[in-house]
Amino acid sequence: MLSNNYSAIQKSTIQKSEFVFLDLFKFLFACTIPILHLAFRNHSILTTILQQYIARLGVPFFFCVSGFLLAIKLWNQENQRFILLHYLKHILRLYLVWMIIYLPLTIIDYTHYNNITLAILDFLKSALFLPPGFLWFLIACAFAAIPFCLISNRKLLYCCSIILYIIGVLGNSYVYIIGAESSIYYKIFLTTRNGLFFALPFFCCGELIIYLRKKFTSKIMLSMSMVSFFLLVIEISFVRTKNSILAITGIDNSMYFLLPVFITFFITYLSQITSQISFKSLRIYSTGIYVMQYGFITFWSIIFAHIGAISNFDWLKYLLVLLSCFIATNIITRCKKLSRILL
């Protein structure tokens with residue numbers, strides 16, 4: 001059993017069906033994720049704001065919501081191992097199915113290897129720590145869920161998560177600022193943007209929400225969300241400015257010190273809002289966008305390159321990717337067996 005930190009919480013008060021606005025914002029953030037993965041050539045102010053200040057919130061938002069919903073199951077049920085196995089079965093099924101689907105596109109990246117053994121080893125390393133097809137979120141969730149569900153000492157888990165996240169931030173957005181870009185860590189693990197340094201801390205933030213939503217009013221959480229977002233914008237701008245001074249470009253800045261603060265407060269606020277409107281139907285489209293974006297980005301990029309369309313059509317390409325994901329998801333959901341496998 002987990003420790004009784006939240007023993008005052010009653011089962012009847014934390015039901016997944018209550019959190020309608022989490023479904024809405026998961027969908028909205030899912031719609032912004034392809035903006036990060038499309039090679040925008042026209043870097044306007046709007047594009048920069050959407051990419052660096054809005055879309056970057058999507059993945060930590062998903063991690064935190066995953067931790068929050070998983071924590072609800074952990075607190076409402078006795079068998080943590082069963083919950084973990086059920087969660088891993090769902091996550092790893094999605095991961096393996098889409099890894100296989102994208103395998104023909106992935107193999108192309110390894111055709112230049114002269115040593116087949118080295119190619120296989122690099123592929124396996126990539127599959128574990130930075131999977132192709134933007135599937136790293138799934139494997140990161142799987143890695144994070146194991147300690148999150150099995151470590152009963154929550155204080156120890158939280159302390160370790162804080163330390164891991166600090167290391168992760170220094171190894172991601174601040175890596176060039178502190179001069180650690182040549183660390184041997186990156187030769188082995190490729191990135192700190194993974195389940196250990198990124199996903200697990202946000203899973204823990206998700207569990208913290210169970211306490212915060214009972215302790216503080218929605219008005220307080222909204223105020224804290226606004227203040228922390230303002231401070232986060234300042235931090236993002238600082239990091240971008242420092243990297244610009246260092247003439248560093250093309251960095252995947254995803255982790256910031258104030259990011260978990262804002263995400264935690266914001267999701268707490270969203271979880272406190274009630275509504276008669278249900279956005280449950282959007283869940284499947286959020287998943288569809290995530291798993292299918294890579295395929296449609298590749299497809300439309302080839303089409304646009306073939307017709308000679310470049311920067312002026314960046315946003316048209318983005319809209320076509322989203323539309324393609326919506327149509328494909330809608331087609332898949334019409335077949336329940338196919339939907340259970342792919343989504």
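**A walk through the model**

A: Of the 343 residues of the protein chain, 48% count as buried, where buried means under 20% relative accessible area, exposed means over 50%, and partly exposed is in between, with a 1.4 Å probe and protein chains only. This is a predicted model, in which local features need pLDDT of at least 70 and side-chain atom pairs count only at pLDDT 80 or more, while totals for chains, interfaces and linings use all residues. Residues are numbered from 1 along each chain as its sequence is written, and side-chain values use heavy atoms, with hydrogens and water left out.

Q: How many helices and strands are in the protein chain?
A: The protein chain has 15 helices and zero strands; helices (H or I, at least four residues) and strands (E, at least two) are DSSP runs, numbered from the N terminus.

Q: And what share of the contacts joins residues at least 24 apart?
A: Among contacts between residues at least 6 apart in sequence, 84% join residues at least 24 apart, and contact here means heavy atoms within 4.5 Å.

Q: Which residues of α3 and α7 make the contact?
A: On the α3 side they include Val59, Phe62, Phe63 and Leu70, and on the α7 side they include Trp136, Phe137, Ala140 and Phe148. By class, the residues of this contact are 13 nonpolar, two polar and no charged, with Ala, Val, Leu, Ile, Met, Phe, Trp, Tyr, Cys and Pro counted as nonpolar, Asp, Glu, Lys and Arg as charged, and the others, Gly among them, as polar.

Q: What about α3 and α4, at what angle do they pack?
A: α3 and helix α4 (residues 80-101) pack at an angle of about 145 degrees with their axes 10 Å apart, and their crossing is right-handed. In this contact, Ser66, Leu70, Lys73 and Leu74 of α3 meet Gln80, Ile83 and Tyr87 of α4, which by class gives four nonpolar, two polar and one charged residues.

Q: Switching to rings, how many aromatic pairs does the structure hold?
A: It holds 29 aromatic pairs, meaning rings of Phe, Tyr and Trp (its six-membered ring) whose centres lie within 6.5 Å, with planes under 30 degrees apart counted as stacked, over 60 as edge-to-face and the rest as tilted. One of them is the edge-to-face pair of Phe63 and Trp136, at 5.9 Å centre to centre and 65 degrees between the planes. Phe63 lies in helix α3 and Trp136 in helix α7, so this pair ties together parts that are 73 residues apart in sequence.

Q: Are Phe63 and Trp136 buried or exposed?
A: Both Phe63 and Trp136 are buried.

Q: How many salt bridges does a search of the whole structure find?
A: The search finds two salt bridges, each being a side-chain nitrogen of Lys or Arg within 4 Å of a carboxyl oxygen of Asp or Glu. In one of them the side chains of Arg283 and Asp23 meet at 2.9 Å, N to O. Arg283 lies in helix α13 (residues 283-306) and Asp23 in helix α1 (residues 20-37), so the pair ties together parts that are 260 residues apart in sequence.

Q: Which residues form a salt bridge at 3.2 Å?
A: That one joins the side chains of Glu207 and Arg154, again given as N to O. Glu207 is in helix α10 (residues 195-215) and Arg154 in helix α8 (residues 154-170), 53 residues apart, and both Glu207 and Arg154 are buried.

Q: Last one, what does Phe326 touch?
A: Leaving aside neighbours within four places in sequence, Phe326 is in contact with Phe27, Cys31, Tyr285 and Ile289. Phe326 sits in helix α14 (residues 314-333) and, at 25% relative accessibility, counts as partly exposed.

Technical notes
Axes fitted to C-alpha atoms, helices over the stretch in contact; angles between N-to-C directions. Left-handed = near helix turned anticlockwise from the far one by under 90°.
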